[in-house]
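Dear colleague,

Please find below the structure that I am handing over to you.

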Amino acid sequence: MRLPLSVVISCAGRGSRLGLGTTKALAMIGGRPLIAWHLDLLAHHPDVRIVVGYDARRLIDAVRAIRRDVLFVFNHDYRETGTAASISLAARGLPPGAQVLSIDGDLLVHPRSLAELMAASGNRLGVLSPLATLSSEPVCALIDGRNGLVHGFTREATKATTLEWSGLFRGEVDLIHKANALGLGRNHVYQMLEPFLPMPYLEIDATEIDTPEDFRRAEAWMAKARRDWKPIS
């Protein structure tokens with residue numbers, strides 16, 4: 001029997017590169033906090049876990065104004081850890097074989113792409129296409145287009161061999177527990193996943209917000225995507 005899917009949104013970081021003085025999940029996109037767009041898509045999903053750290057109270061208040069049954073997980077060590085730590089904390093207590101979808105709080109994912117990932121089976125990585133839409137400081141996935149697998153990550157972007165890594169991971173919680181056992185549960189998600197590659201990927205439509213330049217790009221992206229914005233059933 002396939003176990004229910006737990007959706008984890010990592011929002012603990014300070015968002016210092018964006019320079020808004022708050023967590024990026026509270027950045028205003030299209031006149032609304034970024035986290036509100038996530039919650040719209042997940043309105044019908046029963047298990048949503050939001051990891052908080054920096055500016056936690058404001059974020060919790062913003063979420064509860066929209067939805068009150070979200071589970072909040074605190075990453076008190078957010079200054080010294082990355083998103084892998086947040087996911088690991090949110091995955092504690094989930095039974096073997098449980099399914100997890102991990103989303104960075106600074107990523108906007110088109111409803112069609114998110115629905116496809118949620119419906120997928122097995123482990124999947126979300127990658128962005130085309131490479132021409134790279135965010136300001138990308139991590140790229142080394143791919144083999146013949147078999148649809150990611151076999152590594154790199155900071156060296158090459159159009160012939162890479163697509164941008166989105167931060168999206170969908171798969172079994174057992175993999176997260178194994179990464180923690182290897183001491184990989186404190187930095188970034190892609191670093192946590194590297195020992196378990198190759199892994200299948202899905203090309204998605206999304207935009208990430210790290211810098212002011214990314215922010216301007218995200219506003220333009222949302223202006224087009226919002227007409228398709230509705231809860232995933």
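Helices (H or I, at least four residues) and strands (E, at least two) are taken as DSSP runs and numbered from the N terminus. Please note that this is a predicted model, in which local features need pLDDT of at least 70 and side-chain atom pairs count only at pLDDT 80 or more, while totals for chains, interfaces and linings use all residues. Residues are numbered from 1 along each chain as its sequence is written, and side-chain values use heavy atoms, with hydrogens and water left out.

Cavity

A cavity is a set of points, on a 1 Å grid over the protein atoms alone, where a 1.4 Å probe fits but cannot get out; its lining residues have an atom within 4 Å of a point. Grid points are joined across faces, edges and corners, and the volume is the space filled by probe spheres set on the points. On this basis there is 1 cavity of 30 Å³ or more, and the volume of the largest cavity is about 50 Å³.

Its lining consists of W37, H38, L41, L42, I103, L108, V109, L114 and W229. At least two lining residues come from each of α1 (34-41) and β7 (107-109), and α1 gives the most, with 3 residues. The lining comprises 8 nonpolar residues, 1 polar residue and no charged ones (nonpolar: Ala, Val, Leu, Ile, Met, Phe, Trp, Tyr, Cys and Pro; charged: Asp, Glu, Lys and Arg; polar: the others, Gly among them).

Salt bridges

The structure holds 11 salt bridges (a side-chain nitrogen of Lys or Arg within 4 Å of a carboxyl oxygen of Asp or Glu). One of them joins K24 to D210, with the closest N and O atoms 2.6 Å apart. This pair links distant parts of the chain, 186 residues apart: K24 is in the loop between β1 (5-11) and β2 (28-29), and D210 in the loop between β13 (206-208) and α7 (212-225). Both K24 and D210 are buried (under 20% relative accessible area; exposed is over 50% and partly exposed in between, with a 1.4 Å probe and protein chains only). A network of salt bridges links K24, D106 and D210.

R49 pairs with D47, the closest N and O atoms being 2.9 Å apart, and R49 and D47 are likewise buried.

R186 forms a salt bridge with D77, also with 2.9 Å between the closest N and O atoms. R186 lies in the loop between α5 (173-181) and α6 (189-193) and D77 in the loop between β5 (71-74) and α3 (83-91), so the pair ties together parts 109 residues apart in sequence. R186 is partly exposed, at 42% relative accessible area, and D77 is partly exposed at 28%.

Yours sincerely

Terms used
1 Å grid on protein atoms, 1.4 Å probe; cavity = no way out; pocket = protein on both sides within 12 Å on 5 of 7 lines; lining within 4 Å.
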